[in-house]
Amino acid sequence: MTRATRDRVWDAVPLRSIEQAGERPAGEGHPLDLGHLDPATEAQVLARLLSRDFDAWSEAASRVGHCARPIRLHGSSQTVDARTGEVLSSFSSADSPLGVLHVRCGNRRGSECPSCSRLYAADTFHLIRAGVIGGKGVPEQVGENPLVFATLTAPSFGLVHGTRGGRACRPFTTKGQHRVCEHGRPTVCHTKHADGDELLGQPLCRDCYDYESHLVWQWWAPELWRRFTIDLRRTLAKQLGVPASRLAELVTVQYAKVAEYQLRGIVHFHALIRLDGPKTDAGFAPAPAGLTAALLARLVEQAAAGVSFDAPPLHQGDVTRRLRFGAQLDARPIAAARRTDDPDRALTPEQVAGYLAKYATKSATDSANTDSPHARRLRATIVAIVDRQRAEAAANDQPMAEHPYGLLFKWRHMLGFRGHFSTKSRRYSVTLGQLRRRRVRYERALAAANREGRTLDVRDLDDLLQDETEETTLVIGHWTYAGTGWDTDGDTELAKAAAARAREYAQERARARKTPCIDQFDRNEREGD
């Protein structure tokens, strides 16, 4: 085994820290830690480490950032001069280390692919940050515009356990409420729940909890958000004394929003909402004088409290529900130049960007206990609702596709939420597509520098942040799908271990620089009512 191979083994395999046992410092003589693997997977890991093509596998894995489920492609491509038709270069999957081209899966969920999820989080961080203080093609003056960090929650559908800031969970009942529900279960809880308690987010009585209304709100949450953005513009127009149709001539509303699951299995929205000046092609105009972040915060709370939507019935005989956001509305002005060491001071852009990026990469399987009795009851309720809808559709000879909840069963793994976890307005900041294209240009520049044996000057990277100019080359490819994922579960475990090492290294560097990291923002209370 070559030294290069041994180095790759050290970087790629899961290792047990001897430092925890007090025997020697971490980094010296770490044995392989394969205890969490089943015997078959462990054998596959060892077989890969001892195989002749381990160097080739390691190179292929590093090219895709140790993606857990890369896409495998067969084919070739040619780079052609668009003006002369001359073939400048060619590439074939046969030239790849393993004879097949591996491409990142691009999954944003940390539970599916830690590596791609972290890349998505990094892109989301820069997208959100650029809309707060500028950069990535966004002028720095945008940081002077009024900015608010808003949290819009779901209403209560039943009593659930929560941390309550270290206080007793539910020591008292509301006026007129008994200490025991109609099912004989207590409506109070004197326990001081700690983080990680299995009871957090679980109903005090699952028979009292309104599961159908929970699912209806979850299903129409994206519609509530859409109506909120409309009502916010109308409220702002009323404040300025102009018709809503002319608001864009004075001020525009820009936002970046992510959805986060509460422990009770329902989403709430976190959003950065910014006021810009009149609508222009370039965007990011200064906000009119007199509009402040404090005023915007009041308007956000006013609009969120007033928005509503009458959801259609789930099935025949069901009621029409008027949906609203919960009473726990929060809108806080963002200060672009405040310190982070005082918890009583306003949030800073770096904190908020990291917080939103963190939850943009989460899913139901990442942020909620999908194996809890409450989550199982939610999925069972979805199945029961869909079965009844299908029976009614068959009896009335109507296709399920026309039913307003016809796709509910498809989204049962997301507990009924069908919206995007991360969205933004058109002129909030840079787009994810632009960030990805710039990364490709950087990788090409770095590869060219390596081939030519020269050092890539960081100052030359400013060109990567400019808008795309007219392309002088054309890439023509012919590719066929060969499969998804690594050949064995052992390869997948090695890739995940290497991705974890890279993540830990980046976090350590962030701590050394004392700069905010997307993983260090304190979690917000997510239990719900």
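Modeller: Two strands pair if DSSP finds at least two bridges between them. Helices (H or I, at least four residues) and strands (E, at least two) are themselves DSSP runs, numbered from the N terminus. The model shown is predicted, so local features need pLDDT of at least 70 and side-chain atom pairs count only at pLDDT 80 or more, while totals for chains, interfaces and linings use all residues. Residues are numbered from 1 along each chain as its sequence is written, and side-chain values use heavy atoms, with hydrogens and water left out.

Biologist: How many bridges join S5 to S6, and in which direction do the strands run?

Modeller: S5 and S6 run antiparallel and are joined by ten bridges. Within this pairing, Ala259 stands opposite Phe269 of S6. The hairpin has five residues between the two strands, and Gly265 there adopts a positive phi near 85°. S5 also runs antiparallel to strand S10 (residues 422-424), with three bridges between them; Ala256 has Lys424 of S10 as its bridge partner.

Biologist: Are the faces of S5 covered or open?

Modeller: A residue is buried under 20% relative accessible area, exposed over 50% and partly exposed in between (1.4 Å probe, protein chains only). Ten of the ten residues of S5 are buried. Both faces are covered: one carries Thr252, Gln254, Ala256, Val258 and Glu260, the other Val253, Tyr255, Lys257, Ala259 and Tyr261.

Biologist: What defines an aromatic pair, and how many does a search of the whole structure find?

Modeller: Rings of Phe, Tyr and Trp (its six-membered ring) pair if their centres lie within 6.5 Å; planes under 30 degrees apart count as stacked, over 60 as edge-to-face and the rest as tilted. The search finds 15 aromatic pairs in the whole structure. One of them is the edge-to-face pair of Trp217 and Phe325, with 6.2 Å centre to centre and 75° between the planes.

Biologist: Why does the pair of Trp217 and Phe325 tie together parts that are apart in sequence?

Modeller: Trp217 belongs to helix H5 (residues 211-240) and Phe325 to the loop between strand S8 (321-323) and strand S9 (330-333), so the pair ties together parts 108 residues apart in sequence. Trp217 counts as buried because its relative accessibility is 0%; Phe325 is also buried, at 8%. Phe325 forms a further edge-to-face pair with Phe269, at 6.5 Å centre to centre and 80° between the planes. Phe269 lies in strand S6 (residues 267-276), so this pair ties together parts 56 residues apart in sequence. Trp217, Phe269 and Phe325 belong to one aromatic cluster that also includes Trp225, Phe228 and Tyr255.

Biologist: Which residues have the most contacts inside the largest nonpolar core?

Modeller: In soluble globular proteins, nonpolar side chains tend to be buried together. A nonpolar core is a set of buried Ala, Val, Leu, Ile, Met, Phe, Trp, Tyr and Cys residues joined through side-chain atoms within 4.5 Å. The largest core has 57 residues, and those with the most contacts inside it are Trp217, Phe228 and Ile273. H5 gives the most to this core, with 13 residues. A second, separate core of 20 residues includes Ile128, Phe149, Ala256 and Tyr428.

Biologist: Where do charged groups sit over rings?

Modeller: The criterion is NZ of Lys or CZ of Arg within 6 Å of the ring centre and within 35 degrees of the ring normal. Arg418 lies over the face of Trp220, 4.8 Å from the ring centre, and the charged end of Arg390 sits over the ring of Phe409, 5.4 Å from its centre.
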